[in-house]
Structures are given as structure tokens and as C-alpha cells.
Amino acid sequence: MEPRALKNPYSDYDGIPGCTAAYFDTHGRLTHEFAGRVRCKIAELLEQMHHGLRSADPRDCTAYTGWAGISLLYLHLYNVFGDSSYLAKALEFVSKSLNCLTRRWITFLCGDTGPLAIAAVIFHKMQKQRESEECLNQLLQLHESVVKLDSRVPDEMLYGRMGYLYSLVFVNEQLQQERIPRQYIQQVCKTVLASGANLSMKSQFQEKSPLMYEWYQEYYVGAAHGLAGIYYFLMQPDFGVSQDQLLGLVKPSVDFLCNLKFPSGNYPPCIGDTRDLLVHWCHGAPGLIYMLIQAYKVFGVDQYMIDAVQCGEIIWNRGLLKKGYGLCHGVAGNAYGFLALFKFTQDAKYLYRACKFAEWCLDYGKHGCRTPDTPFSLFEGMAGTIYFLVDLLQPMRSKFPAFEL
Ligand SMILES: [Zn+2]
């Protein structure tokens, strides 16, 4: 009995076209009826979120639980539906965020560079170039300290260098130009490689894993704080990691991580943790899947894809979490794993599974799940579920927010 998830009540994809016909056609386009239900839910949840945010912490600037996350959702709504009132909302929320920056953390999700990057994009889209430049300048001012090896900045996504790097990539991706020169991105990766090689040398894993990273004295494995999130970025094309470094440093480190797999196909939250409990984006298979697919793209080794597919099975069987419907450790975040598999394989099975998890989200609040601390936020709460439902309307363009490239 899985204590952290509810039993998946749905029948799985059986390969017979009839099983997907209610959800999408042979080209992966959602049916009129199902897309209509999803759109209705988006409107309803937006309304609820809007009311709920009245009781949100007014001083939380972050994309993870604060105003920048709500702004990112509205920017996404604008990008998908093109309605300029969404862009105005995005500006309203990012302005709140800019008024209460942490002045301490440097990442997209939990620090100041998320708000700055999101604001730079929104201002640019509103033809407010001076304001956009101002945000970019502030964003780039932090670069020097991030790429300094001895700056004691961690390397992971939520508080470390990769979370800074994502802010730079986000700007270029949203503006569809190399607005931030690629050298800035490459320098971050160079520092992260050096940092990982240093720690590996000091660790007991030196022989097995030429790179190693820690956060608060733990060797985390997952996407949020750990190795999988870091390696996912190090394997991106044009991020400045040479073929020699990929083969000599990154691949053996990825392989070391792959060997931590539990018999179930899931992964531990930290090296040495033997409890096979967490099936979240932040810890476990739903976060590992992106690294595995990327490793397969880069190195062409079948085992990576076999492991990624196994992650999909874990998510299907244990992914309807009692923690709720959010992104970080919730059903919406887990469903993105299916979308990642669908985008890469075009296998209807994964789009079907994503639709089934979306159907679960259409019954938001009806499963007796726990209410998160920040119930309307992007990464823990309702905003994240809405973000996912919007992405389901255009599955081939979907991306796990603030992470997937
Ligand atoms: Zn989480």
C-alpha cells in the first residue's frame, strides 16, 4: 500500500484507439469536448485563485510560492491565449514582487532573479524597453558573484547556480533572441563543473562519480536540490560543456546516479537514503525523467530511455499524491513527466496518461488531499495546476515551468 499516494482509479492506455478518442485525435490534438472541459476548469480555478490570493503573504516575492509565480502564470496565459489583459495582470503581480525582493537569494525560483527575469520579459513585451533593460542590468550584476568558485553559492536549482542560470536562459527563450550572451550561461556551467569536480575529490565517491554536489551537507539526487537537476542543465547543447567534459565528467556522474535506482524504478531523495517513498518532481522519478531523456539525446545509450520509461510507470502507479495538485510535489508536476515522454516519443500512451492526471485535477479539492502551506502559489498550489492545464492544451509545446528547456 502506497502511503503517500491515492490509488490510481483509471484504467491504463490499452493501445486501442477507442481509449483515447474522448481526449485527443490521432495527431495528438485535444478533442473539442475535452479541451472545453479543461478551459472551463482553468477559468474556474483562476477565479478561485484570485480570491484566495487576498490572504497570501504580501512579502513573498518568489516564483516558488510568491508573487513572481503568479506573474509567471499570467505571462504563460498571455503567451498561449494572446489576451493582453493577461499581460497586464502579469505586470501587476511582478510589480508586487519587485517591491519585496529577498536581496539575498539569486535564483529563479526562490530568489530575486526570477522576478527580475520575468519583469524584464513582461516589460519587453509591453514595449517598455528602459524598464526591461533596468531589470536585465540588475540580473547581470549578480553574475560575477555566481561564477566565482569560492563564493559559497550552492549549485542546485532552488538556491544555487543552476537556478541563476535558468533566469538567463528564460530571458533568451522568451525574447527569442540571444539577449543575454551565451558566454554568461557557459561561464555558470564552467563554475558548476569545477565546483562538482572539487567536491567529488573531497568525497567518498571520487572513484565513481567525477562530479558531486551537496546542499546543506546532503548529497541530494532529485531535480530541485540535487544532481539530476544539475546534470540536466550541464547536458544542454551550447551551454559550453565540451565533448570531453561530457564524456569524462558528466556521463560517469549520470551513470553513478542511475545506479542509485531502487528496484521499483524510483530514486532516493539523497544518496544513502534507502526509503522508497517520494514520487515528486522535487524528489524522485518525476524529476529524474528530464535528465534521463536528455542523457539519451546526448549519449544515445538505450538504458537511459529504459529508465525514463520506468519513471513513467512509477508516476502512473504512485503519482496521484495526497499532497495535492501542485507542481513541486503534486499531481500536476508529476503529469509533466508524461508530457516530457510524449514530446520525445510521440507515444499516445503518455498523452493519454497526462490527460488522465488532468482529469484528476479537474476534480480539484475532491480527493481529501492535504492543503499546502501556500494553497494558491505556483509551485505548491493552484497556480501550478492551472499552469499545467494550460500546457495540456498544447502538449507538444508544454514545459515544466521554471525548469524544463
Ligand atoms: Zn517539492
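Axes here are lines fitted to C-alpha atoms, and the angle between two of them runs from 0 to 180 degrees between N-to-C directions. The model is predicted.

**Exercise 1.** Find how helices α2 and α3 are oriented to each other.

*Solution.* 
Step 1. Locate the helices: α2 spans residues 67–81 and α3 spans residues 84–98.
Step 2. Read the geometry. Their axes come within 8 Å and cross at roughly 165°.
Step 3. Apply the cut-off: angles over 145 degrees count as roughly antiparallel. Therefore α2 and α3 are roughly antiparallel to each other.
Step 4. The crossing of α2 and α3 is left-handed.
Step 5. List contacts. Residues of α2 including Trp-67, Tyr-74 and Phe-81 meet residues of α3, among them Ser-84, Phe-93 and Lys-96.

**Exercise 2.** Classify the aromatic pair of Tyr-23 and Phe-34, and state which parts the pair ties together.

*Solution.* 
Step 1. Count the aromatic pairs: there are 39.
Step 2. Take Tyr-23 and Phe-34. The ring centres are 4.9 Å apart, with 85° between the planes.
Step 3. Planes over 60 degrees apart count as edge-to-face. The pair of Tyr-23 and Phe-34 is edge-to-face.
Step 4. Tyr-23 lies in the segment before α1 and Phe-34 in helix α1, so the pair ties together parts 11 residues apart in sequence.

**Exercise 3.** Which helices hold Phe-338 and Phe-357?

*Solution.* 
Step 1. Phe-338 lies in helix α13 and Phe-357 in helix α14.
Step 2. Their pair is edge-to-face, at 5.0 Å centre to centre.
Step 3. Both Phe-338 and Phe-357 are buried.

Definitions and conventions:
Residues numbered from 1 in each chain as written. Predicted model: local features only at pLDDT ≥ 70, side-chain atom pairs only at ≥ 80, totals over all residues. Heavy atoms only, no water. Phe/Tyr/Trp six-rings, centres within 6.5 Å; stacked < 30°, edge-to-face > 60°. Helix = DSSP H or I, 4+ residues; strand = E, 2+ residues; numbered from the N terminus. Buried < 20%, exposed > 50% of the residue type's maximum accessible area, 1.4 Å probe, protein only. Parallel < 35°, antiparallel > 145°, perpendicular 65-115°, else oblique. Left-handed = near helix turned anticlockwise from the far one by under 90°. Contact = heavy atoms within 4.5 Å.
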